[in-house]
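Thanks for coming, everyone. I have one structure to walk through today. Let me put it on the screen.

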Amino acid sequence: MKVFVTAGTGVVGTALVSELRSRDVEVSVLTRSAENAEALPEGVRGVVGDLLDHKLLLEEFAAADAVFLNLPVGEAETYQGLLAVDAARRSGVGHVVYVSIQDLENLFTPPHCGVKVAVEKALKASGVPYTILRRSELMQNDIGAKDMLLMGVYGIPLGEIGVSRVDVRDVAEVAAVVLTSPGHEGRTYTVTGPEPVTGQFVTDTWKRVLGVEIAYVGGDLESCSLILNQMMPQHLARDLWLMYEHYDHNGYVAAAEDIEAVTKLLGRPPRSFTEFAEETAQAWKAA
């Protein structure tokens, strides 16, 4: 089987490539960097280019049995997503697995979420066999907060209602199952963790597994806005802040049937945040 993976050197893509290779799938990865292409695992074919190259997409999609469509967040996401769906339709590819977000019916005002409404609709209307994976917030986002955690602060605004965070390895495993086994066409799966976690719970968990005092500061959304504006362009900062505001006001909690569906796809319960944090803390201490 041949699978073409977009964003294949990112967090989700890297985990998926490993899963697919363990299933003896022939994998091609789209990347914008020749250096990243050369660094891919042995046996994985790198394709240097981007999702705005229509000719390249037509050629690569036509040569694949299935496409894993994961879009990088940014101003070009609408063009990339809708043009990729058009290329899938014209190439005759057998299956597209698209990565969307959990609870899209309610979380659509942040631009990087709203674009997924359009891409989902276009994919469903395209006539291409598809599966949509609506994933939750990744637990691995906390890896980028390592320095802050070790300094005694946790600031990702997860709110007091809870967010059903998911381990990226579970996202990759679900994607690999859906790509390589029949019966998933036309389905939409919410890929989630086993339970919602609050900002304070996450902070307390890191405090326990790292053995350091950590304060949760994510409850102050105005301070969060100031920090985001220092880290990235104003429009992207506002985009992320709108998502965090939604977490704070509404939570981001998966339904029981979604957890049951993920458990069935994985053949086991999804990893908990506690499991992820304990494993990550061990790796950090070993390093």
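One term before we start: buried means under 20% relative accessible area, exposed means over 50%, and partly exposed is in between, with a 1.4 Å probe and protein chains only. Now the ground rules. This is a predicted model, where local features need pLDDT of at least 70, side-chain atom pairs count only at pLDDT 80 or more, and totals for chains, interfaces and linings use all residues. Residues are numbered from 1 along each chain as its sequence is written, and side-chain values use heavy atoms, with hydrogens and water left out.

Start with E60. Its relative accessible area is 12%, so E60 is buried. E60 sits in helix α3, residues 54-63. Helices (H or I, at least four residues) and strands (E, at least two) are DSSP runs, numbered from the N terminus. What does E60 contact, leaving aside neighbours within four places in sequence? F4, R45 and V47. Contact here means heavy atoms within 4.5 Å.

Next, the nonpolar cores. By that I mean a set of buried Ala, Val, Leu, Ile, Met, Phe, Trp, Tyr and Cys residues joined through side-chain atoms within 4.5 Å. The largest one has 33 residues, and L16, L20 and F68 touch the most other members. Several elements each supply at least two residues of this core, including β1 (2-5), α1 (11-22), β2 (26-31) and β5 (96-101). The largest share, 9 residues, comes from α7. Look at F68. Not counting residues up to four places away in sequence, F68 touches F4, V5, T6, V12, L16, V97, V99, A175 and L179. Apart from this core lies another, of 31 residues, with I101, L158, W206 and L221 among them.

How many cavities of 30 Å³ or more does a search of the whole structure find? The search finds 1. A cavity, on a 1 Å grid over the protein atoms alone, is a set of points where a 1.4 Å probe fits but cannot get out; lining residues have an atom within 4 Å of a point. F61, V67, L69, A84, V85, A88, V96 and L123 line the cavity. α4 (77-91) and β4 (66-69) each supply at least two of the lining residues. α4 gives the largest share, 3 residues. The lining is 8 nonpolar, no polar and no charged.

On to helix α10, residues 234-250. Which of its residues are buried? A237, D239, W241, L242, M243, Y244, H246 and Y247. Their cover includes α5 (111-125) and α9 (221-231).

G251 lies in the loop between α10 and α11. Its relative accessibility is 2%, so G251 counts as buried. G251 touches I161, G162 and H246, not counting residues up to four places away in sequence. T190 is 61 residues from G251 in sequence, and their C-alpha atoms are 15 Å apart in space.

Last, another glycine. Is G211 buried or exposed? G211 is exposed, because its relative accessible area is 63%. G211 is in the loop between α8 (199-210) and β9 (215-216). L150 is 61 residues away from G211 along the chain, with 9.6 Å between their C-alpha atoms.

That's the tour.

Conventions. 1 Å grid on protein atoms, 1.4 Å probe; cavity = no way out; pocket = protein on both sides within 12 Å on 5 of 7 lines; lining within 4 Å. Points joined across faces, edges and corners; volume = space filled by probe spheres on them. Nonpolar A, V, L, I, M, F, W, Y, C, P; charged D, E, K, R; others polar.
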